[in-house]
Amino acid sequence: MTARPVPISRHLSLIYRYSQRYFSARLREFPLEAGQFPLLLQLFRHPDVTQEQLSQRLALDKATTARAAAQLLAQGLIERRADPEDRRAYRLSPTARALALEEQLFSIAGDLQEVLFRGMTPAERQAASDLVVRMAGNLSACLGEWHPGNCCGGRRL
C-alpha cells in the first residue's frame, strides 16, 4: 500500500459536516434547521434579494434555495414578494420574527468561529481565513471556466 497524503478537501469536508452537526445541536431551540441557517444569515446581511441572487451568493442550486426558502416562509421567518421588475422572480427578506432572533443566530455562528480558531493567534486566524477564502475562490474560478475536456489548465475534474 502506498502512503499518500490526506487531501485538504477531506479536512474541509469534515469541517463542513462537523459544522452542520454543531449547528443542528445549537439550533434545537429555534424554528430553524442547520440547512436553512446560512440562507437566513445571508438575508440578514442582504435583505430584499431575489432567490436567484441568494442562490448565487451561497453557491447553491436554485432548487435547494427554493426548498429552504419555502420552509423558512412556512415557519414565518422570511417573507417573499414578487419582484416588481421581473414578475417571475421573488424577493426575500427576513420577517420581524426572524429579526428578533438575529443577534442570537449570529452569536451561534461566532461561537463556531471561536471553536474553529481555538488556540490560534490573531495572525494565524487571519492567515487561515485568507487561505480558505483564496482556495474557495480558486475552485470557484476553476468551475466557472470548466467545460468538457478543459478545467484548470486542461485537467478534467
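## Basis

The model is predicted: local features need pLDDT of at least 70, side-chain atom pairs count only at pLDDT 80 or more, and totals for chains, interfaces and linings use all residues. Residues are numbered from 1 along each chain as its sequence is written, and side-chain values use heavy atoms, without hydrogens and water.

## Helices 3 and 4

Helix 3 spans residues 51-58 and helix 4 spans residues 62-74. Helices here are DSSP runs of H or I with at least four residues, numbered from the N terminus. The two axes come within 9 Å and cross at roughly 115°. That makes helix 3 roughly perpendicular to helix 4 (65 to 115 degrees). Axes are lines fitted to C-alpha atoms over the stretch in contact, with angles from 0 to 180 degrees between N-to-C directions.

Helix 3 contributes Gln 51, Glu 52, Leu 54 and Ser 55 to the contact (heavy atoms within 4.5 Å). Helix 4 contributes Lys 62, Thr 65, Ala 66 and Ala 69. The contact residues divide into 3 nonpolar, 3 polar and 2 charged.

## Gln 42

Gln 42 lies in helix 2 (residues 37-45). Its relative accessibility is 12%, so Gln 42 counts as buried (under 20% relative accessible area, 1.4 Å probe, protein chains only). Leaving aside neighbours within four places in sequence, Gln 42 is in contact with Leu 54, Arg 57 and Leu 58.

## Strands 2 and 3

Strand 2 (residues 78-83) pairs with strand 3 (residues 86-94) in the antiparallel sense, over 6 bridges. Strands are DSSP E runs of at least two residues, and pairing takes at least two bridges. Glu 79 has Ser 93 of strand 3 as its bridge partner. A hairpin of 2 residues joins strand 2 to strand 3.

Definitions and conventions:
Angles under 35 degrees count as roughly parallel, over 145 as roughly antiparallel, 65 to 115 as roughly perpendicular and the rest as oblique. Ala, Val, Leu, Ile, Met, Phe, Trp, Tyr, Cys and Pro count as nonpolar, Asp, Glu, Lys and Arg as charged, and the others, Gly among them, as polar. Buried means under 20% relative accessible area, exposed over 50%, partly exposed in between (1.4 Å probe, protein chains only).
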